[in-house]
Amino acid sequence: MSATKSDNRINTDSQTLTGEIYDVVIVGAGPIGLATAIGLRKCGIENILVVDQTRAFRQVGQVLDILPNGLKSLKHLDNQAYEAVKNTGMGFMNSPQSNGEKTQGEKPAKTSPEWVYKNLQGETIRSTPLGFDHWFQQYGEGRVSIAWYNLQTTLRNLIPEDRVKANHRCINVIDEPEKGCVRIDCISDLRTEANPYAYWADGQKVDNNEPQNLDPTSQQLGSKSFRAKLIVAADGINSTIRKVLYKDTPDSDFAQPKYSGFAAISCREITEIPQELQTQIEEKFFQDSPIVTISNASEITDSLNELRMMLFRRPGSHIGYILHLAVSLESLEDKSESSLLDLAMQQLEKAGYPDVLQELVRLSPPANMQQRPYYIHHASTSDGESQPTWSRGRVVLVGDAAHGMPPFMAQGVNQGFEDALAVTTLIAHIAETNKWDNGEAMGYAPPEAIATAFEKYENLRRPMMKYIQHATLTRFPHSSDEAWNNYGQQVYQRNFDEIIAALSS
């Protein structure tokens with residue numbers, strides 16, 4: 001592994017090196033890393049550790065849609081995790097935060113809320129029910145919406161506290177074949193003590209802003225290393241592990257994610273909306289829907305080059321929006337909040353959006369404006385040959401670290417759960433057959449069983465990710481009912497018992 005030559009290696013003489021060799025260390029305590037840990041523990045592999053660079057777990061992230069394939073994967077990983085996530089998500093859908101569907105003492109709405117797609121005239125092109133039961137009847141599993149932090153917290157509560165460590169930024173990965181393991185070096189910010197299981201203190205919110213460009217030689221930093229038989233990298237689209245693995249290798253061009261060509265400009269909420277304008281938007285676009293996507297097409301097309309506007313309700317009748325647009329990365333860089341608002345207005349006017357929507361955006365408080373470029377790790381390349389590997393030695397990439405992409409088909413976390421299920425199944429087989437070290441040759445080659453397992457993981461998952469990324473970048477499933485039904489069969493209705501059987505064979 002070329003990481004042994006990394007210029008970022010910290011001085012081992014001044015760091016703490018734990019004597020324990022874990023079976024698995026998982027880098028990244030987001031939903032995918034935590035789901036992997038839960039799955040491993042369910043399989044009886046309890047000698048694990050999850051580390052994350054965040055100084056403390058705090059309430060960040062947006063709402064995620066856990067779709068049938070994600071819920072099926074989670075259920076196979078651990079039924080308790082599945083039930084906890086399902087109940088938390090269904091509670092979110094019935095809370096005042098989601099759409100006022102249910103307040104204390106009221107019964108849930110009888111009809112399922114819908115995500116409606118409309119043209120600029122307010123005519124409905126397509127609607128998608130958001131309720132759990134509708135999806136369950138169609139695909140054999142439901143659908144829930146859940147805030148990212150709530151999903152993380154729900155999964156983290158199923159793991160012993162001492163198995164999850166915040167404030168550990170991984171900076172290097174080093175093979176130690178003579179010990180039959182791999183070592184990861186981490187640094188921690190010692191300027192504040194953070195409780196990773198709470199972000200409130202003395203009635204005030206803790207300042208958990210993470211320091212940037214940490215210098216390992218700083219007196220305010222501590223260092224620690226961990227050894228493990230396997231490393232699962234679930235540290236996101238800007239994965240440190242991926243960068244270290246690919247450095248000075250034929251895959252070095254793939255170390256950093258690529259800009260997808262698409263981005264989002266959003267406003268969290270607009271609070272000062274004149275009543276007349278509010279009524280026009282409600283009657284023409286929202287009606288009874290909590291969320292609506294608007295485009296200037298007469299039908300949903302397979303092109304993302306057309307500006308799309310997502311409107312959603314906030315508590316208190318406030319409205320927020322996200323504009324998905326095809327722009328250059330340079331047009332977003334170093335933009336102030338006011339400049340982002342100007343860019344949003346320019347795009348709406350260029351696309352011919354009606355005055356009522358332009359007026360709404362014009363009311364956006366600049367302080368609430370945000371921008372987000374969408375990046376991607378392509379699962380396939382244009383030449384079809386130079387594919388970046390998702391593993392090296394005893395280290396394997398999962399989730400966005402392997403194949404991150406824009407969120408247009410809401411498959412990021414769902415495909416990550418599928419990765420977690422596949423990797424967990426294969427690691428469990430290695431543990432059952434005690435092949436952690438079998439076949440290791442004179443301190444260089446990793447065990448054959450591990451190489452075979454990771455190759456099987458990639459052979460299974462890469463074709464699906466090619467399909468998902470293609471659907472994400474072209475939106476072809478939305479082009480017709482037939483295309484959507486075919487997509488549903490390919491993605492939502494797969495038999496995960498058969499998948500697990502194939503992995504276990």
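Me: Is Glu-83 buried, partly exposed or exposed?
Reply: This is a predicted model, in which local features need pLDDT of at least 70, side-chain atom pairs count only at pLDDT 80 or more, and totals for chains, interfaces and linings use all residues. Residues are numbered from 1 along each chain as its sequence is written, and side-chain values use heavy atoms, with hydrogens and water left out. Buried means under 20% relative accessible area, exposed over 50%, and partly exposed in between (1.4 Å probe, protein chains only). Glu-83 has a relative accessible area of 29%, so this residue is partly exposed.

Me: Which residue meets Glu-83 in a salt bridge?
Reply: A salt bridge is a side-chain nitrogen of Lys or Arg within 4 Å of a carboxyl oxygen of Asp or Glu. With 3.4 Å from N to O, the partner of Glu-83 is Lys-86.

Me: Are Arg-227 and Glu-176 buried or exposed?
Reply: These two form a salt bridge, with the closest N and O atoms 2.3 Å apart. Arg-227 is in strand β12 and Glu-176 in strand β8, 51 residues apart (strands are DSSP runs of E, at least two residues). Both residues are buried.

Me: How many salt bridges are found in the whole structure?
Reply: One of them joins Asp-78 and Lys-42 at 3.7 Å, N to O. Glu-176, Arg-183, Asp-185 and Arg-227 are linked in a network. A search of the whole structure gives 17.

How values were computed:
Helices (H or I, at least four residues) and strands (E, at least two) are DSSP runs, numbered from the N terminus.
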